[in-house]
Amino acid sequence: MDPKETKERMKIPKQVMPEQDPHERVRNFFEVPYGYTAEQAMEEAKRCIQCKKPLCVGGCPVNIDIPWFIRLIAEGKFVEAAHKIKETNGLPAVCGRVCPQEDQCEKVCIVGKKGDAVSIGRLERFAADYEREHGEVQIPELPRWSGKKVAVVGAGPAGLTVAGDLLKKGHKVTVFEALHTAGGVLMYGIPEFRLPKKIVQSEVEYLKRMGVEIVLNAVVGKLETIDELLSGGYSAVFVGSGAGLPNFMNIPGENLAGVYSANEYLTRVNLMKAYQFPEADTPVIRGRKVVVFGGGNTAMDAARTALRLCPEEVSIVYRRSREELPARVEEVHHGEQEGLKFQLLTNPKRFIGDNDGRLKAVECVRMELGEPDESGRRRPVEMKGSEFCIDADVAIVAIGNGANPLIPQTTPDIKVNKWGNITVNPDTGRTSKKGVFSGGDIVRGGATVILAMGDGKKAADSIDEYLKTGLW
Amino acid sequence: MYEITEKKELAHTVYLFKIKAPLIAKKRKAGQFVVLRLNEHGERIPLTIVDSDNGSGTITIIVQEVGKTTAMLGDMGVGDTILDVVGPLGKPTHIENFGTAVCVGGGIGTAPVLPIARALKEAGNHVISIIGARNKGLLILEKEMRETSDRLYVTTDDGSYGHHGFVTQVLQNLIDEGLKIGFVVGIGPIPMMRAVSNTTKPYNLLTMVSLNPIMVDGTGMCGACRVTIGGKNQFVCVDGPEFNGHEVNYEELILRNRSYMKEEKTAMEELTYHEGPRCYEK
């Protein structure tokens, strides 16, 4: 690209993505941002200066050829752009919505050095949505069957990625999913207003049309063990069983009625559709005042979900300050627009219940930041005598997950670390057990959709290699 | 889709179902449970697997109508299908030869006791069983329990059949008679399990109870089923469902199980509004 054109392109302002009015959206579960129009997408795509050595590709955990698909959008070739993305990413409509692009591709974007980075995520979303909405989804041609079958445990982002990639490499894949729906955290965890469930299902449908077999209601370890899969016709197994047991704070009163883990709260509302109770049979306590503990994306998801169930007040209680909030800035911003309150530098001491064992208040204490800890962040320290009570009838604990014990319990030769997470070679996803690979949250302990997908991609490559060479 | 192949009314609003689920039938062990969901709008509820048959590939569950989902299940019949059945979940009962084992079932709790009694018998135990219900009409599985046990005691709260009184009175009598008991399992309503545990505690008899908290996924992911056991938080779905009865915080479990009383009533009203009133008085 000649310097003059580059300069022209740098002048184009970042296109704002229209979104639902905060006062309106806080009363519904419809998606918050509407997505770009075709004109906006083309305009935004023109902001990309088509670097010769694009840093964005390296910033993407699955290495999408970003400049290429953006060029196709700029040329109005939307369907081709979607197909280009799908060469490396099987779930673009999902990633375009939930990836933390500001920490990945967009963080290293050259255009962003002098102004706003190109909105890569929004463009990815646009291309994927366009393809789907215009019925242009194409099933790629698959190579001849290698004669090998692979079992995948868990139909979440890691497992679905492994499945899609292995299929394209000529292997047959069966995915075993414990829940009654495929999608994992995309279905039970991430709320409808951030990731509409019909989009997840159409991505799953795409994989099924490609030939991935998905068996629902199948808890590997209980129904069949990994050894039984390996001796029952599967040449390799990928374990992507996901975030396991929710952590609790182990403070008094945590088992009062009205105290939820974020997993339970979100599962009730997202997967089981409790927001439609009594049309849907699963209830959730809506509450008048809701307190969410934690500062990550899951805490934001839970809090913004609670806001939509109409309580009077929803607050985030976080023990560090605003700067340390691990959640995406966009999520915090959206939450605040919707009326979310923050009690920063605050930590709970105990939950207080009424005579029926239902939550009525949380005793908290103020914190101040002390010396940095091993994570480099300043350690929060209790301020003596600063205890106070927050009225609450619903509390949501969003402080991460421990590892699910089902697979290690039934497959003792798979090595786990002291937290119970499966130990793998990070380059290959190989576990300590021959023929078994793993990735995503069961390995990482708690990360993002795209990192799980990146693990899936790597694992698919090394599974393919293992199937071809038989070498371990 | 999981087909119902057999249905039997065991007592008023208590039904036995056989459901086609060959893999679960092959794998399940005494003490394990399934989670099922009737239809697209359905909730996920846990139910103990009472029996299985490898030949026909079926599992047996026993359900009492207590809320919307169980009432709807009670209306289903042979040939109908259940949308989702997942299992076998939970840890199997720890079975060994304890010498003499006492199996105590209260009300519908006799259903999960039956497979444990069978397994204990197979392991060589001298099995003494005590089953109770509020009245004769609500008593279930008497014949099956009699076949499985070396001795069976039956109690009814109102004296309409068998011993007039509670299962714990019979248990106390056995202890007082000097019977050497190696293992007690008690399953039924929470107050009954608490009473059984309180009866055996002074004698330090190993006593297991099977807990039935509210669950959602049943695989450890949500933590809805957490209960304090010996001062520590445990997830019934992956750490249980059976625990040492002397360590369970029953009061907490009772209160947690009441979390959705209001919503359960709403759901039931909704159902009866559409389908007409139901008679649960007996």
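The legends below describe close-up views of a predicted model.

Residues are numbered from 1 along each chain as its sequence is written, and chains are lettered from A and ligands numbered from 1 in the order in which they are written. Because the model is predicted, local features need pLDDT of at least 70 and side-chain atom pairs count only at pLDDT 80 or more, while totals for chains, interfaces and linings use all residues; side-chain values use heavy atoms, with hydrogens and water left out.

**View 1. The five-stranded parallel sheet of chain A.**
The strands of this open sheet follow the order β3-β2-β1-β4-β14 in chain A, and their pairing is parallel. Strands (E, at least two residues) and helices (H or I, at least four residues) are DSSP runs numbered from the N terminus, and two strands pair if DSSP finds at least two bridges between them. β3 (213–215) and β14 of chain A are the edge strands, each with a single partner, so one side of each has no neighbour in the sheet. From one strand to the next the twist averages 20 degrees; axes are lines fitted to C-alpha atoms, for helices over the stretch in contact, and angles run from 0 to 180 degrees between N-to-C directions. Strand β4 of chain A (residues 236–239) pairs with β14(A) in the parallel sense over three bridges, and V237(A) stands opposite V436(A) of β14(A). Helix α10 of chain A (residues 157–168) lies across β1 (149–153), β2 (172–176), β3 and β4 of chain A, at about 165 degrees to β2(A).

**View 2. The three-stranded antiparallel sheet of chain B.**
Here the order is β4-β3-β8 in chain B, an open sheet with antiparallel pairing. The edges are β4 (45–48) and β8 (84–89) of chain B; each has a single partner strand, so one side of each is left without a neighbour in the sheet. The twist averages 25 degrees from one strand to the next. Strand β3 of chain B (residues 33–37) is joined to β4(B) by four bridges in the antiparallel sense. Within this pair, V35(B) stands opposite P46(B) of β4(B).

Over all chains, the whole structure holds 48 salt bridges, each defined as a side-chain nitrogen of Lys or Arg within 4 Å of a carboxyl oxygen of Asp or Glu. One of them joins D373(A) and R320(A), at 3.4 Å from N to O. D373(A) lies in the loop between β10 (359–372) and β11 (378–382) of chain A and R320(A) in the loop between β7 (313–317) and α16 (329–337) of chain A, so the pair ties together parts that are 53 residues apart in sequence. Both D373(A) and R320(A) are buried; buried means under 20% relative accessible area, exposed over 50% and partly exposed in between (1.4 Å probe, protein chains only). A salt bridge also forms between K349(A) and E382(A), with the closest N and O atoms 3.4 Å apart. K349(A) belongs to strand β9 (residues 346–353) and E382(A) to strand β11 of chain A, 33 residues apart. K349(A) is partly exposed at 29% relative accessible area, as is E382(A) at 32%. R379(A) and E374(A) meet at 3.8 Å, N to O, in a further salt bridge. R379(A) is partly exposed at 43% relative accessibility, whereas E374(A) is exposed at 76%.

**View 3. The surroundings of K433(A).**
K433(A) sits in the loop between α17 (406–410) and β14 (436–438) of chain A. With 8% relative accessibility, K433(A) counts as buried. The side chain of K433(A) makes a polar contact of 2.6 Å with the side chain of D227(A). A polar contact is a pair of N or O atoms within 3.5 Å; within protein, one must be able to donate a hydrogen and the other to accept it, and residues adjacent in sequence count only if both atoms are side-chain atoms. Leaving aside residues up to four places away in sequence, the residues that K433(A) touches (heavy atoms within 4.5 Å) include I226(A), L230(A), T411(A) and W472(A).

**View 4. The interface between chain B and chain A.**
Chain B contributes 46 residues to the contact and chain A 42 residues. The two chains bury about 3600 Å² between them, 55% of it on carbon and sulfur atoms; buried area is the accessible area (1.4 Å probe) that two parts lose on being put together, summed over both. On the chain B side, M221(B), R226(B) and Y260(B) lose the most area to chain A, together 18% of what that side buries. Two salt bridges are counted between chain B and chain A. K27(B) and E228(A) meet through their side chains in a salt bridge of 2.4 Å, N to O. There are 21 residue pairs in polar contact between chain B and chain A, both residues at pLDDT 80 or more. β8(B) gives the most to the side of chain B that touches chain A, with six residues.
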